[in-house]
Amino acid sequence: MSEITDFDSLRRAMAENGEQPEGPARNARAEQLLAEAERLGIPLAVIEALGHQLKVYNYSSEKAKMFVPFARLLRMWDERPEDFDAYETHTLHWVFKWMSAGMLDQPHVPLASVEKWLGEMEHRYRLAGHSERAVRSAEFSVAAHVGDVERAERAFAAWLAADRDAMADCHACELHGQGWWQAERGRDAEALEVWAPVLEGEYTCAHEPHTVLASSLLPLLRLGRAEEARAHHLRGFRLVRPMESMRGAYADHVEFCALTGNEARGLELLAERPAYFTDEGHPRSRMEFLSVTVLLMDRLAELGLGGQRVPGPAGREWTAAALADHARVQALALAARFDERNGTRHVSERARARMARRPLVERLPLGVRTARPVSAGAVPKPSAQAPAAAGESGGPQSAALLAEARRLSETLQPHAVEAWARVAEAAAGPEGLELGARDLAEIADHEAIGLGPEGAGRFEEAARLYERAGDPGEALAARARAAYVRALAGEVDEALAAVAGPYDRVLSLYADGGTQVPQAAGVLMARARILMRHVHGAEGPVPDGVLTAAEAAVRELLALVEGRAGDDVRLAARVAEGHAMLAELAVRSGEPEGGVELFARAAGEFVAAGLPWFAVEYEARLAGLAHQLDDMAEAERALRAALEHGGPYLEAVGRAQLHLQLAEVVGGRGEDAEAAEHALEAAHWADEAGVGPTFGAWARHQLGGYLVRQGRWAEAAEVLESALADLSADTHGDGAVVQTQWWLGDCLSELGEHRDAAERRLQAAETARHWPEQHDHATLAHLAAESLGQAGLHADADRAYARAGALWRELGNVHGLVRSLRARAWLALRAEGGAEAARDLMASALEECADAFDAARDDDEVRRRIVVELGDTHRQFGDLLARSAAEDADDDAIRAALDEALSQMSEAVAVFVALGDSALHARTGAELAAGWLESDLGRPAEAAARARAVLRSYADAQSRAGSGADAEAGHGRLDEPGEHGEYGGGRRGRSPQGDDGTARARRAEAEQLLQVAEEQKDR
């Protein structure tokens, strides 16, 4: 902490404190600085320290402390206005608005005092000559707060009608307030239209777009624009999270989670800010936070989770029900204090309405990792077709249960196993249904199906019951099923031996007319499935004998059932499954094209039979095969069909896998937005399936990548940070971890979070350092250096560029090496006395270009690219030399530096001329830079000549039919100050304006240079 010895050191200390995170520590430091200012005995120092204190209080949870320093400032102004400079005079009037809002947010301040203050503000603004715009905005806030709609509408109209002046809130804040009122009055679409310039980044400030993003969440949901709401939540919460003063906006995000099926994330948000439950410096935002806490807790109670432990105020453990009661009491007590002050019930009514809001979206996946203690899907939902539960009534109701179970099983519908379980439960009840041997057999049969590999014993019991019921064929089928579940348990040979008896007997029985096709087909299907287990269990190539035996069994089954299914759904399913088995055998025999055809046939047969959920497995296999055969259109069709046919019966993990495969397919053809949607669904369903840390992390990794490709940096950053919490080299591979860190570094860099970007890039580089191929290591080291430089850590950046340069040299990548040297040169120029080192580094870059050009004698394309790099280097060398001329140097030294810079610029022009039209923009940029240097050196004729050369170049290019200037060559200079370093291979591209825009800008600059040169001639 620096010592305060004079006014300048005080100002530096206040500036440093202003950069600290919001909170009590920053506020306490501001209080110390005020005491230091008072010791200096300089009135303006005290005024500035009081202003600093006001600002940090306003941007914190201790807003109530603002009134004392402001009252002191106002008294000082009234007594000695001459002590205030122009800036502090402006600031004093500016913070009147903070005071009016601050009083409104404190229920202990009487409404009469608020109104009196509003009049004082209007009076002082009028005396100072300010517009009434800010006054009418403040009046609107008062009227809206107390629920006086008529006055609020008048003040709102007057606010918009008054002229904007220096006292008006910034555009972003004004638009937030105007849009808030539209939404408050039920005009959601109009609100979003008003907010659009803020949401699109046209207007920003310290708290915007933070609050607009938060305020937009409910209007978007109410309008059905859930995808935009999700994006605004991810983007906005990232902005709000580190800012202590934004409890109200934070509450909007908690509310969003409660209304979109994201209760678990809502709990995580509460856990991040325990102080928000109790901080009393801003009662209105505390009331808002407590109100949405009630909303979230009540939602948990509706889900049957009222007894779940939840985060809450420190000092005790909380359940959802207990926290709901506590927060409700606290919030309504605060609301009552406001209403008592205001003389209305408006605040309490709003608080109760907020607590009672209903979900607007049943399920809105966010893509971020959530440790899911709750899920709306966790609440069991009865089958839509399930009759009344056992014991509710006997007689006809129990008979209905039996009829429903038989219908479901005979038509192979989902939930048949559960339906037979209900029959068994009803039969065991006090008024149970009397069941025959056949009914008991079917109960046992379906119990065995539900047990999977453990069901052999129950299948045997079912066989005995079928025999007692006089159905020997079904008894043999049940014993065949018992053999098959042994195969599922790994006892394939034993299963094959066990099925031999039922197989021989059922064929004999069928030949004698003692059983029907369905029963015989049941035995043949079980035998074919067992033989297929031999195929699936083979390591490496499947022995011909195994394939032959399995194929013979499948064809025997098909010979029995094909053409005989009729309306029998079960026989139709046997046909479809038989074709699916042949498809698998074709693939195992090295005939994937045949497998594709047969899987498609099987899936179509299941769908035609009214059993689309059975088609899913084979459509997924078909998609995989089509992918292998590079038939991406068929892969996409099959995946979409699988998702459609699976419907509500598809298990969560299967749904996750299908969505992620589809994401990869559509992403592969450049449909990044749709790919992101499918990756988002994959992440959600992976969480639902309980595989979030494994499969879910991979889905989030992919989702982050698709968002990066769309330039959705804030959303991508949230998702990628979430993915990194679970990604591990052991589970997902170190390549996935590095790629995620790399993408995250890019996001953070785009968001201006350069220190964090550097950290991520350095972490990725450290892992890539151990890889055999070092290009990624070099690129990441270069990117890390770029971030370090942008973060102001110049010494660290220089070391990172040196590391990257050494790697580029080892890889033989002259472009990366040259760019690292140029970046180091710019860094050196910033250091005290670093001009000579900067020159040496630029000279080294030129030497590297020359050496690489000589070495590439036989490759014209490589030489052309090196020439581009050479031109860029001459251009940057010229810029660097021009900027190296110290302002306090003598005229001769400055002139010498400019002459040397001009020489380098002339070299750059010559290089780009040699490249022809492909370097038109690069050439004209260097030519104009040289022209300005000529002007600075007092050579107007030469400057004018260069300006005319630029104009002539564009005129000539335009006149040549079919020609087009290529903006690539020598366009970007990312290693100039503030933009440290292109990385190997380069990220340079076309001008953001496009070729036409660049040409217009160059011509306009040339005309300006020409005018300056002509004026110089006349002097």
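1. Overall confidence. The protein chain has a mean pLDDT of 89. Residues reaching 70 or more make up 93% of the chain. Among its elements, helix H13 (residues 217–222) has the highest mean pLDDT, 98. Helix H6 (residues 96–104) has the lowest, 80.

2. Two stretches deserve a caution. Over residues 373–394, pLDDT stays under 50, and the model has 27 contacts there beyond four places in sequence. Over residues 961–993, pLDDT also stays under 50, with 97 such contacts. Where pLDDT is low, predicted coordinates should not be read in detail.

3. Helices H17 and H18. H17 spans residues 283–302 and H18 spans residues 320–342. Their axes come within 8 Å and cross at roughly 145 degrees. The crossing is left-handed.

4. What meets at that crossing. On the H17 side, the residues include Met287, Leu290, Val294 and Met297. H18 brings, among others, Leu323, Ala327, Leu334 and Phe338. The residues of this contact divide into 14 nonpolar, three polar and four charged.

5. The sulfur of cysteine 173 has its closest cysteine sulfur in cysteine 170, at 3.5 Å. A disulfide needs sulfur atoms within 2.5 Å, so this pair is too far for a bond. For cysteine 205, the closest cysteine sulfur is in cysteine 173, at 3.5 Å, also too far for a bond.

6. Exposure of two cysteines. Cysteine 173 is partly exposed, at 29% relative accessibility. Cysteine 205, at 27%, also counts as partly exposed.

Conventions: Residues numbered from 1 in each chain as written. Predicted model: local features only at pLDDT ≥ 70, side-chain atom pairs only at ≥ 80, totals over all residues. Heavy atoms only, no water. Buried < 20%, exposed > 50% of the residue type's maximum accessible area, 1.4 Å probe, protein only. Axes fitted to C-alpha atoms, helices over the stretch in contact; angles between N-to-C directions. Helix = DSSP H or I, 4+ residues; strand = E, 2+ residues; numbered from the N terminus. Left-handed = near helix turned anticlockwise from the far one by under 90°. Contact = heavy atoms within 4.5 Å. Nonpolar A, V, L, I, M, F, W, Y, C, P; charged D, E, K, R; others polar. pLDDT = per-residue confidence, 0-100.
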